[in-house]
Amino acid sequence: MNNKKKSDAVGLRDRQIARFRWAMLGPGIFVLFLINILPIADTIYTSLFDYYLPMPQDQKFIGIGNYLSLFTEPRFLQSLGRTLVFMLMVVTTETILGFGIALMLTSNAFGTKLFRGVLILPIMLTPIAAAFMWRIMYSPTLGILNYFLEVLGIEPQKWIYGAEQALPSIAVVVTWCKTPFMVMVFYTGLLSVSDEIIEAATIDGANSFDILWRIKLPLIKPVFFVAILFQTIDTAKEFDYTQILTRGGPGSASETLSIFTYLNSFGFLKMGYGSASAIILSVFIFLIATLIIKAGGIDFDK
Amino acid sequence: MRKRSFSFRFFVMLLCLMAAMFSLTAGGSKDTAAPEANMEVGEDGIAWKQFAGTTLRLGMNKHEYTEAVKHVIAEFEEKTGIDVVIEEYAQDEFMTKRLVDLSSGAGTYDIVMMDSVCTQAAQAGWIENLDEWYTRTDLYNAEEYNLDDIAPSWKLSFTVDDHLYAIPVSGEKQILYYRADLFDEYGIKVPETFDEVYEAAKFFKEIMPAGILVRGQKIHTVSNCTGVIWSYGGKIADSLDYNYAVFNSPEGVAGTDMFTTLAREFGPTGIENYTWYECVADFQQGKAAMFLDMSVFMPQMEDPEASVVAGKVGYAPMPAGPAGSKPTGGAWAISMSSASRNKEAAWMLMAWLTGPETSAKMAAYNAVASRVSVLSSDAVKENFPADWLAALQAALAVEVEETTFPTISRNEEYLDTIGTAFNSLIQEKQDVQAVLDDAAAKVTELFQLEKQ
């Protein structure tokens, strides 16, 4: 292989190379095993048991029993559906917004530099602090949002305090927080399109819509889909904002899969059941991710 | 052959690495060994210095009680030579830390602050049965201690199978907060019954965002609704053995109907997801005329920095239903971790902290005491508004048949189940009987699960 060629070049024997490589990788692999593989394996193992944390002596092996009862529990199925809806809402909006803003930034219009700086702010805020800030803004009686509505003569809204509006309201906050990431990725993607190609296209008589649709977009397609992939994974397992803003409420109106999993594991202390739910969440994310990778033709080996 | 020798070396390397890591962690948890015990006996017959040099770790919630402990702890350290390390965390973080520490048996904390998860922790064997420790008269002043002085309704919450597992240190009871200035201005009588609360709430809802505030969020709403059910003559469970749920009785339905109607009709917009955080903020900003909740929020209402209604708030005892005024309450307690390596020293501290002398001293630092004698002392009277203290004392005098939350292990699941029912009634008007029947069946199922 070409490794061999290289090693010959520096006069090292294969064995030494291999040994050195393992010595360098060893600690990393060991730590990775400890903090990644082991917990996942343990979660899968736990998910096969009927295991109530305060009574470890009563744990019972029930095979896929937990998975079967999960798929017959309406509350779980609803939270699965909600996660999907939530993901679609957030990722769609932030992709559209993110791309729009990125285009605007590349146009070098007045104030783009300032805007670029301001845009990064939400990323820099701690989610918990930002979530509390939004919770205050969303307050139906004291919040600034309802104050503005009142000024405009619109009925006060319930926002995160109402069953119908809770999930979309959380989606707004998450979109606000994550869009800057999309903007940055798209913006750098657009910048990487070489000017020569654009010039060539212009000479060939392409208008700006054609340039965008036929040239820029296809060129940044891989970047585009990688960004969507990251955001989808991130949104599917979103926890902090939902937990602080609504705790899944009112009732269970905004209970997503991650909240459901947390509640069952650390609220109800049903470790087996919670683990099974966590595994399903992971599989769910894996499936969606695969779908996006296929659709976007992302090739990680390239 | 080459291959094998390589993997063998790799294996040895891994082993060395692991050994290095373990020795690192082992070095980190080195404990200071206690020097030879000093068994010199004091006037009260207790060898206070016998555990000198020991370090006790307290896992505490951020709470006024913890603040008060910090004020008095130096005295204990001097008296005993024991070092006390207080680690305090905000509530949610504290609960997670406590769960991890207790369930793993790590024994990081010798003493942990305890709340409604007491039954769970006791049944799992995570915390010590204190009845046994109360017999250790060589470690505390048993003659002066007087356990009966600690409010019985609070002790009941920490009693599991007739044994006390945690000592209540600070507590709260349901009272009615009202805007004294507004009630005066409009000439409305301070409500003593729920029917009067209904009328007053209806009146004030016309002129302000909310006639009354209650917590509507499904978990938070349970303790308050339970008090109204009691006051209407209902109960949550058949007995303290928790065989089946009975809150769907006619009395339970009437109480739930009153509570959820008050919230739905006269509460603020979005009350269905209100926790105490929103209730307190709304009341502080003068957005509501009444607030039915635990007594613990008084200092926040009276804080002129945060509250525009400071000095304008009146406090009344829990309104009465057909069965009288039966407020619920909650308490924080301290318990001893079963995994503690310094149990005797820990008990010495627990008994000292909860004894009458220290409790009286701590009351001066605004911590609401759990001892009835301390609550009626002059020192306490100066610290708190008179009507607030009266409302709290009235609540403490009420005998209750059951605890605010069933003392079952699956407390969180109970809260989620019954809370979902109350919450759905707050969200929209429905047939109360049907909703409660459904919830009662599920709660009975939980009770039965406990028996297995």
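Me: Where in chain A does A:W159 lie?
Reply: In this predicted model, A:W159 sits in the loop between α8 (144-151) and α9 (166-191) of chain A. Its phi is positive, about 50°, although A:W159 is not a glycine.

Me: Which residue of chain B has a positive phi without being a glycine?
Reply: One is B:D161, with phi near 50°. Look for B:D161 in the loop between β4 (159-160) and β5 (163-164) of chain B.

Me: What makes the peptide bond from A:G249 to A:P250 worth a label?
Reply: That bond is cis, with omega near -5°. As for the place of A:P250, that's the loop between α12 (240-245) and α13 (257-267) of chain A.

Me: Why is the pair A:R135 and B:E278 called a salt bridge?
Reply: The cut-off is 4 Å, from a side-chain nitrogen of Lys or Arg to a carboxyl oxygen of Asp or Glu.

Me: How many salt bridges does the rule find across the interface of chain B and chain A?
Reply: Five. The rule also finds twelve residue pairs in polar contact there, both partners at pLDDT 80 or more.

Me: Which elements of chain B give two or more residues to the side that touches chain A?
Reply: They are α1 (2-28), α3 (91-104), α4 (118-123), α12 (276-284) and α19 (411-427) of chain B. α1(B) gives the most, ten residues. By class, that side of chain B has 15 nonpolar, 14 polar and twelve charged residues.

Me: What area do chain B and chain A bury between them?
Reply: About 3500 Å², with 61% of it on carbon and sulfur atoms. The contact draws 41 residues from chain B and 40 residues from chain A.

Me: Why give an area at all?
Reply: The size of an interface is often given as the accessible area lost when the parts come together.

Me: In which element of chain B is confidence lowest?
Reply: In α1(B), where the mean pLDDT is 48, whereas helix α11 (residues 250-266) of chain B has the highest, at 97. Over residues 1-6 of chain B, pLDDT stays under 50, and the model has six contacts beyond four places in sequence for them. Residues 22-35 of chain B also stay under 50, with seven such contacts. Chain B as a whole averages 88, and 92% of the residues score at least 70.

Me: Which residues make up the two domains of chain B?
Reply: Domain 1 takes 48-171 + 330-383, and domain 2 takes 173-328 + 401-451. Their centres, taken over C-alpha atoms, are 29 Å apart. Ten residues of domain 1 and eleven residues of domain 2 are in the contact between them.

Methods. Residues are numbered from 1 along each chain as its sequence is written. Chains are lettered from A and ligands numbered from 1 in the order in which they are written. Side-chain values use heavy atoms; hydrogens and water are left out. Contact means heavy atoms within 4.5 Å. Buried area is the accessible area (1.4 Å probe) that two parts lose on being put together, summed over both. A polar contact is a pair of N or O atoms within 3.5 Å; within protein, one must be able to donate a hydrogen and the other to accept it, and residues adjacent in sequence count only if both atoms are side-chain atoms. Helices (H or I, at least four residues) and strands (E, at least two) are DSSP runs, numbered from the N terminus. Ala, Val, Leu, Ile, Met, Phe, Trp, Tyr, Cys and Pro count as nonpolar, Asp, Glu, Lys and Arg as charged, and the others, Gly among them, as polar. pLDDT is the predictor's confidence in each residue, from 0 to 100. Domain bounds come from an automatic or database domain assignment.
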